[in-house]
Amino acid sequence: MEFDITLDCLGLTCPMPIVKTSQKMKELSSGKVLQVLSDDEGIKEDMPAWCNTTGNEFLGSEEEGETIKVYIKKT
Amino acid sequence: MAGKMVVFCGSDAPEKAFPPFMLGLGAKAVDMDVMLFFTMSGLNIIKKGGAEKIALDNAPMPLSEFIKNSMDAGIRFVACSAAFGIAGMTKEDLIDGITIGGVASFVNEAKDADIQVSF
């Protein structure tokens, strides 16, 4: 999936991936896509939930071994 | 501001001391206003040197770091003045950045909060 910027949250557990995503998204302009790398299983449910609450767009996720890559678009 | 969450932090048991900060940071991540109300033994969490004595195996970070991150995120901390005597402390024992309040503060905040949680 194409993206504009990556946020490395490997090794971080809940709630830090969401906290860091929230901070990073504030820096992005509308329409930009953020890739978040995480090895916290909870991210798969948490990121769509965070997008639902904040109104940002959840584009999907991919898994590569232990690494979960999620893609979200700033609205 | 996307709503408000208030958390009643009434215990210094590790399983009860860590979750308020985890939840609070999560709520700040969706731009909610967050207030943590500390009372009874929960006051030990925000006592100088208190967080260092509360440890939880495999927690994402030490409690003191959770407190610092929460303050940096703009989470508001309120300490219940009525419980100082019960916890054997005075306001001078608190870490910096704490507002001192009472039940009226909690009720006033909780009555129009979207989420209320108690630990």
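Q: How many bridges join E2(A) to strand E4 of chain A, and do these strands run parallel or antiparallel?

A: Strands of a sheet pair through backbone hydrogen bonds, either parallel or antiparallel. In this predicted model, local features need pLDDT of at least 70 and side-chain atom pairs count only at pLDDT 80 or more, while totals for chains, interfaces and linings use all residues. Residues are numbered from 1 along each chain as its sequence is written, with chains lettered from A and ligands numbered from 1 in the order in which they are written. Helices (H or I, at least four residues) and strands (E, at least two) are DSSP runs, numbered from the N terminus. E2(A) and E4(A) (residues 67-73) run antiparallel and are joined by six bridges; Leu34(A) has Ile72(A) as its bridge partner in E4(A).

Q: In what order do the four strands of the open sheet of chain A stand?

A: Two strands pair if DSSP finds at least two bridges between them. The order is E1-E2-E4-E3 in chain A, with mixed pairing. E1(A) and E3(A) (57-64) are the edge strands, each pairing on one side only. From one strand to the next, the twist averages 20°. E1(A) and E2(A) run parallel, joined by four bridges, and Leu7(A) has Val36(A) as its bridge partner in E2(A).

Q: Which residues of H1(A) are buried?

A: A residue is buried if 20 or more other C-beta atoms, placed from the backbone, lie within 10 Å of its own, exposed if 12 or fewer, and partly exposed in between. The buried residues of H1(A) include Ile18(A), Val19(A) and Met25(A). The buried residues of this helix pack against E1, E2 and H2 of chain A together with helix H2 (19-28) of chain B.

Q: How many residues does the contact take from chain A and from chain B?

A: Two residues are in contact if their C-beta atoms, placed from the backbone, lie within 7 Å. Chain A gives eleven residues and chain B six residues. H1(A) gives the most to the side of chain A that touches chain B, with four residues.

Terms used:
Axes fitted to C-alpha atoms, helices over the stretch in contact; angles between N-to-C directions.
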